[in-house]
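This report concerns one protein chain and the way parts of its fold are arranged. Please consult the sequence and the model while reading.

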Amino acid sequence: MEKGKFTEEKVLKTKSGMFMLLASIVMILLSVPVIIAGGMYFQPGRSGAGVVLALAIIGGILLICVGTVLLCGLKIIHPNEALVLTLFGNYYGTLYEAGFHWVNPFCTAINPTAGQKETPQKEANSKEVSINLNLNTSSMSKKVSLKTMTLDNAKQKVNDELGNPIEIGTIVIWKVKNATKAVLNVENFKEYLSIQCDAITRNAARNYPYDANDGSDEKTLRGSSQEIADIMQEELQKKVVDAGIDIIDVRITHLAYAPEIASAMLQRQQATAIIDARQKIVEGAVSMVEMALQQLSENQIVELDEERKAAMVSNLLVVLCGNKDAQPIVNSGSIY
């Protein structure tokens, strides 16, 4: 076992809770006839009657105390729950099997997250970012839930690789795989996961640009969201392995430029789209003009010298590349 960390856990094999419950009830009920029998035996002047009565009373009280103490060892474990137990400060074992169990009544269940509420985090700009943990455990219960949970790490403002301020939010699907590590290795495994998720999200945003430059094949937050989410999941899993947490999935739920540069970036994207569209239009227009000249020449429809070919090309490009419909002019005379 590594110093300061529990790398191995002990799964408890317990006695039947129903049997111990019945035994405790029998002890408590048996104390009444024992005391009554001692009282019936007691008669003034009988030799040893006082001793018998005292023993009967003591025996009855002991039966009541023992039965009551045994009742404290009864534990109910529901499906997908675990209970980490310590005995006088030392790790005793962990209950995983659902059912009605009896353990050493002097054992204490521990769970640092029991009864604690998540508090909102604050960023450097003092804006609150609420961390909403979907928890399905009682605030007073010491049991550790093994159910699949959701950590919604709300959007936060960071700078991407190019220094552009962006807003990014992630969601993590997770569950506790090792209840002993989750309880004993970290102070609060829910807060620990939340902080690690926040750090991983910021690190991923700083390592990749929001969008790629023209003609670049590098990974981007917008274009390679699935790949980056897989990288975040792998890194987050390495961070929380000592806390006994299993990361099932990580997804980027919100990604956008910060409001102060969103308008400028939108204009940039629009300009890029217009340039790409114009380039496509010009390429198509040139091929159409080339085809028209080739067919006119092959079919010998009209003979054009170089000057008139240039004029025709100019007119066709204006018509094909213009934003408005062409207004044709009908020439009733000769073009020559």
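The sections below treat the model, a sheet and a pair of helices.

## Basis of the model

The model is predicted, with local features requiring pLDDT of at least 70 and side-chain atom pairs counted only at pLDDT 80 or more, whereas totals for chains, interfaces and linings use all residues. Residues are numbered from 1 along each chain as its sequence is written, and side-chain values rest on heavy atoms, with hydrogens and water left out.

## The chain overall

The chain contains seven helices and 13 strands. Helices (H or I, at least four residues) and strands (E, at least two) are DSSP runs, numbered from the N terminus.

Of the 336 residues, 31% count as buried, that is, under 20% relative accessible area with a 1.4 Å probe and protein chains only. Contact means heavy atoms within 4.5 Å. Among contacts between residues at least 6 apart in sequence, 67% join residues at least 24 apart.

Three strands form an open antiparallel sheet in the order 1-5-2. Strand 1 and strand 2 are the edge strands, each pairing on one side only. Pairing here requires that DSSP find at least two bridges between two strands.

Strand 1 (residues 15-16) is joined to strand 5 (residues 99-102) by two bridges, and K15 has W102 as its bridge partner in strand 5. Strand 2 (residues 74-77) pairs with strand 5 over four bridges; here the bridge partner of I76 is F100.

## Helix 4 and helix 5

The axes of helix 4 (residues 189-207) and helix 5 (residues 225-240) come within 10 Å and cross at roughly 140°. Axes are lines fitted to C-alpha atoms over the stretch in contact, and angles run from 0 to 180 degrees between N-to-C directions. Helix 4 and helix 5 are therefore oblique to each other, a class left over once angles under 35 degrees (roughly parallel), over 145 (roughly antiparallel) and 65 to 115 (roughly perpendicular) are set aside.

In helix 4, the residues in contact include Y192, L193, C197 and I200; those of helix 5 include I228, M232, E235 and K239. By class, the contact has nine nonpolar, three polar and two charged residues. Ala, Val, Leu, Ile, Met, Phe, Trp, Tyr, Cys and Pro count as nonpolar, Asp, Glu, Lys and Arg as charged, and the others, Gly among them, as polar.

Key:
Buried < 20%, exposed > 50% of the residue type's maximum accessible area, 1.4 Å probe, protein only.
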